[in-house]
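The entries are grouped by topic.

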Amino acid sequence: MNRHIAVLAGDGIGPEITEGAVQVLQRTAEKFGHTFTFEPLAMGGCAIDACGEPLPAHTVERCLASDSVLLGAVGGPKWDGLSGDKRPEAGLLGIRKAMGLYSNVRPAKLWKALADASPLKRNLVENGIEIIVVRELTGGIYFGKRGTFTDDAMGETAWDTEQYSVAEIERITRIACELARGRSKRVVSVDKANVLESSRLWRRTVHTYAQTHYPDVTITDMLVDNAAMQIVKNPAQFDVLLTSNMFGDILSDEAAQVTGSIGMLASSSLGDTPCGLYEPIHGSAPDIAGRDIANPIATILAAAMMLRDSFGLIAEYAAIERAIEETLAEGWRTADIMSDGMRLIGCREMARRIAEHI
Ligand code: IPM
Ligand code: MG
């Protein structure tokens with residue numbers, strides 16, 4: 001199979017972790033007889049530095065022309081003073097929107113070798129955790145109308161709006177139900193229907209759509225404040241968790257930490273075509289950038305998800321996942337997942353060891 005992959009390394013630790021993932025992809029291609037080509041493109045803070053904007057038109061064009069996109073992370077203190085639409089994060093939101101990637105899937109699983117890394121008591125995690133967060137990615141408050149004004153009555157004021165249409169809710173419900181069908185057939189839909197109008201439409205639509213198209217899937221509603229509590233109280237109760245853009249952003253970080261390290265979690269963003277965007281769920285970690293101590297595993301897993309979900313390469317996905325498991329089982333750890341008796345290595349060596357296991 002020949003595939004062309006756009007690589008948006010981004011800022012902070014982005015370049016180190018994507019380099020590791022590309023190495024693992026190359027090794028996988030050799031082993032399985034594929035040809036992957038890689039095209040580095042600027043997005044985020046590095047694009048602001050190079051051409052004055054976070055998402056150059058050339059990057060969008062080339063991403064749309066590629067078979068899939070691998071992303072590191074964007075942002076950093078250097079660009080924090082910029083206005084909203086000029087920030088590195090605007091580049092990320094822009095590429096999600098431009099590629100129509102409304103479906104963000106973030107599996108938070110507890111790796112056997114890392115059971116001790118979870119901050120939760122052992123009895124809460126000993127039966128394993130695997131929460132698949134399905135986050136709506138191109139709507140809601142992230143993309144709603146916003147503004148600022150100053151007047152005599154209110155003083156300086158800022159506002160954002162959360163808006164969802166039935167069509168937007170239906171298509172993400174379909175993704176969650178499809179996933180649930182291959183698993184427990186249970187979806188927990190998270191909203192704030194006791195307060196928000198958009199959540200009441202969300203709840204009604206999820207039920208109507210699922211009843212009509214997925215009668216075999218059970219939908220349970222949960223308010224977002226309760227969901228935040230339940231994720232730490234009893235994470236094993238969750239399988240597929242369906243929610244809006246902002247709630248998904250927040251709950252996926254929480255689910256990640258419950259499983260041990262945010263450095264282990266990958267995500268896929270897809271729309272109606274196989275061309276997706278794959279990234280770790282963590283940020284650019286500017287404080288540790290360039291020191292070869294970041295954990296490349298989330299990005300390597302994101303690359304594996306690309307093979308499975310965009311290219312249909314299921315055995316290749318499994319080979320990478322197994323390579324990660326074996327490397328962890330040998331005791332190799334980056335600093336974020338280090339524990340007593342384990343062997344500390346850097347980003348580069350972790351990626352090299354995983355590649356060797358393919
Ligand atoms: C994520 C990140 C982004 C988001 C930021 C960097 C804009 O937190 O992918 O979870 O909020 O979507
Ligand atoms: Mg986030």
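**Conventions.** I worked from a predicted model, in which local features need pLDDT of at least 70 and side-chain atom pairs count only at pLDDT 80 or more, while totals for chains, interfaces and linings use all residues. Residues are numbered from 1 along each chain as its sequence is written, chains are lettered from A and ligands numbered from 1 in the order in which they are written, and side-chain values use heavy atoms, with hydrogens and water left out.

**Helix α10.** I looked up α10 at residues 297-309; helices are DSSP runs of H or I with at least four residues, strands are runs of E with at least two, and both are numbered from the N terminus. Its 13 residues reach 18 Å from first C-alpha to last, close to the 18 Å expected at 1.5 Å a residue; the expected span is 1.5 Å times one less than the number of residues. I then checked burial (buried is under 20% relative accessible area, exposed over 50%, partly exposed in between, with a 1.4 Å probe and protein chains only). In α10, 11 of the 13 residues are buried, including Ile297, Ala298, Thr299 and Ile300.

**α10 against α11.** I found the axes of α10 and α11 to be 7 Å apart, at an angle of about 160 degrees. Axes here are lines fitted to C-alpha atoms, for helices over the stretch in contact, and angles run from 0 to 180 degrees between N-to-C directions. α10 is therefore roughly antiparallel to α11 (under 35 degrees is roughly parallel, over 145 roughly antiparallel, 65 to 115 roughly perpendicular and the rest oblique). The crossing is left-handed, a term used if the near helix is turned anticlockwise from the far one by less than a right angle, with right-handed for clockwise. I listed the residues in contact (heavy atoms within 4.5 Å): among them are Ile300, Leu301 and Ala304 of α10, which meet a set in α11 that includes Tyr317, Ile320 and Ile324. The residues of this contact divide into 11 nonpolar, no polar and 2 charged. Ala, Val, Leu, Ile, Met, Phe, Trp, Tyr, Cys and Pro count as nonpolar, Asp, Glu, Lys and Arg as charged, and the others, Gly among them, as polar.

**α1 against α11.** I noted that α1 (residues 14-32) and α11 (residues 314-329) have axes that come within 11 Å and cross at roughly 125 degrees. The two helices are therefore oblique to each other. Val24, Thr28 and Phe32 of α1 make the contact with Ala315, Glu316, Ala319 and Ile320 of α11. By class, I recorded 5 nonpolar, 1 polar and 1 charged residues for α1 with α11.

**Two loop residues.** Lys185 lies in the loop between α6 (166-181) and β8 (186-191); its phi is near 65 degrees, a positive value in a residue other than glycine. Lys185 is partly exposed at 34%. Asp292, in the loop between β12 (277-280) and α10, has a phi near 55 degrees and is partly exposed at 27%.

**Two buried residues.** I found Thr327 in α11, buried at 0% relative accessible area. Beyond four places in sequence, Thr327 touches Trp332, Met350, Arg353, Ile354 and His357. Gly263, in the loop between α9 (245-258) and β11 (266-270), is buried at 8%. With the same exclusion of residues up to four places away, Gly263 touches His282, Asn295, Ile297, Ala298 and Asp336.
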